[in-house]
Amino acid sequence: MKAYIKVIILILICLAVLTPLASDFPDGLEKVAETLGIEEHDPTWKGLMPDYTLPTIDNPYISTFVAGTFGVFLVLGVAFILGIVITKPSR
Amino acid sequence: MHIPDGFLNPAICALMGAISTGFLVWSWRKARATYPRSLAPLLAVSSAFVFAAQMINFPIVYGTSGHLVGGTFLSMLLGPYAAILSMTIVLMMQALFFADGGIFTFGANVFNMAVIGGLSFFLIKLLTRNPKRSGWLFRSIFFVSWLSVVLGALACGLQISFSPVFSEAGGIAVTVPAMLFWHILIGLGEAATTTTLVSQLHRLQPTILSGLTILRGRQSESIH
């Protein structure tokens, strides 16, 4: 269990260090759409944190980091529940 | 490669939703028959890792970027069934909370990234089946993780080509080559990252790849 906690801390450190370095360029699909002159509509469902930012936090770095940290723990929790549900209890 | 709402026509959304649902039911059943409870923490942490890694876009060329998809990586750690389900959780949280990937296009996104990524396990298993090729594991992981991104992009190019906006812009003859061009390059990033991650994890914790019964069969073959 200790090893898993270390890995989670490592993931959060990597997130803190690497998010400011992440590229803002469009990804493959966005680039194809852009080249063809196709506009992405405003999403039907905006979610709580559109584009991994908290609308209430002005600083883009902190905003993305907080959204990312929230997402990491969210996925961690939901995937753990999934892990319990889809596996056989050990006898 | 996350398709936003508005890029697919309703028929394609429904078709991909049905296909992905089929794969999810299959994975769920297989997972329940295969995995021990001890998999749960590894599944949780590796899913969280893939979520974080997908936030970090790396630049390619000509003002385009890509990020790790992680399907092949998950399939190496968790086996195909849990990998498909794990990636589906990541995509679901991205669509629900971060507006990354649409709601109606969810089925297509699950197919392009989770299903294709998870199934890469079987191709790697096939490529490394011959015991004389035990050194082929990392070469296979490199090739298959690259292929998983390219095939996902091919599927995505086909899906978007049917929508009115893209068919007006030239349809399949434009979308498929364009998607393939960018993702042949993005796939190299995927391949380098996946191979590095799996080989380093294997070095630090050799049991990580043999922890699963389904993987153990192949591992013991390659030792003898």
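Reply: Chain B runs through the pattern α-α-β-β-α-α-α-α-α-α along its sequence, which comes to eight helices and two strands. Helices here are DSSP runs of H or I with at least four residues, strands are runs of E with at least two, and both are numbered from the N terminus. The model is predicted, so local features need a pLDDT of at least 70 and side-chain atom pairs count only at pLDDT 80 or more, while totals for chains, interfaces and linings use all residues. Residues are numbered from 1 along each chain as its sequence is written, and chains are lettered from A and ligands numbered from 1 in the order in which they are written.

Overall form comes next. The C-alpha trace of chain B spans about 60 × 35 × 30 Å along its principal axes. A compact globule of 224 residues would have a radius of gyration near 17 Å, and chain B agrees because its value is 17 Å. That radius is taken over C-alpha atoms, and the globule rule is 2.2 Å times the number of residues to the power 0.38.

Of the 224 residues in chain B, 55% are buried. A residue counts as buried if 20 or more other C-beta atoms, placed from the backbone, lie within 10 Å of its own, as exposed if there are 12 or fewer, and as partly exposed in between. A contact is a pair of residues whose C-beta atoms, placed in that way, lie within 7 Å. Among the contacts in chain B with a separation of 6 or more, 74% join residues 24 or more positions apart.

Cys13(B) counts as buried because 22 C-beta neighbours lie inside 10 Å. Ala108(B) is 95 residues away in sequence, but its C-alpha is 6.6 Å from that of Cys13(B). Leaving out residues up to four places away in sequence, Cys13(B) touches Leu8(B), Phe104(B), Thr105(B), Gly107(B) and Ala108(B).

Tyr62(B) sits in the loop between β1 (58-59) and β2 (65-66) of chain B. Tyr62(B) counts as exposed because it has 10 C-beta neighbours inside 10 Å. Its phi is positive, near 50 degrees, in a residue other than glycine.

Now the partner. Chain A has three helices and zero strands. Chain A has a radius of gyration of 18 Å, whereas a compact globule of 91 residues would have one near 12 Å. Buried residues make up 24% of chain A.

Where the chains meet, 50 residues of chain A are in contact with 57 residues of chain B. On the chain A side, α1 (2-18), α2 (28-35) and α3 (60-85) each supply at least two residues, and α3(A) gives the most, with twelve. The residues on that side divide into 31 nonpolar, 13 polar and six charged. In this count Ala, Val, Leu, Ile, Met, Phe, Trp, Tyr, Cys and Pro are nonpolar, Asp, Glu, Lys and Arg are charged, and the others, Gly among them, are polar.

One pair of helices across this boundary can be described in detail. Two packed helices are described by the angle between their axes and the distance between the axes. For α2(A) and helix α7 (residues 172-204) of chain B, the angle is about 145 degrees and the axes are 9 Å apart. The axes are lines fitted to C-alpha atoms over the stretch in contact, and angles run from 0 to 180 degrees between N-to-C directions. Residues making this contact include Leu29(A) and Val32(A) of α2(A), and Met179(B) and Trp182(B) of α7(B). By type, the residues of this contact are six nonpolar, four polar and one charged.

Finally, the largest nonpolar core has 89 residues, and those that touch the most other members are Val75(A), Leu43(B), Ala48(B), Ala52(B), Ala82(B) and Met87(B). Helix α3 (residues 71-98) of chain B supplies the largest share of this core, 17 residues. Such a core is a set of buried Ala, Val, Leu, Ile, Met, Phe, Trp, Tyr and Cys residues joined through C-beta atoms within 7 Å. Apart from its neighbours within four places in sequence, Ala52(B) is in contact with Ile11(A), Cys14(A), Leu15(A), Gly68(A) and Val72(A).

Conventions
Contact = placed C-beta atoms within 7 Å.
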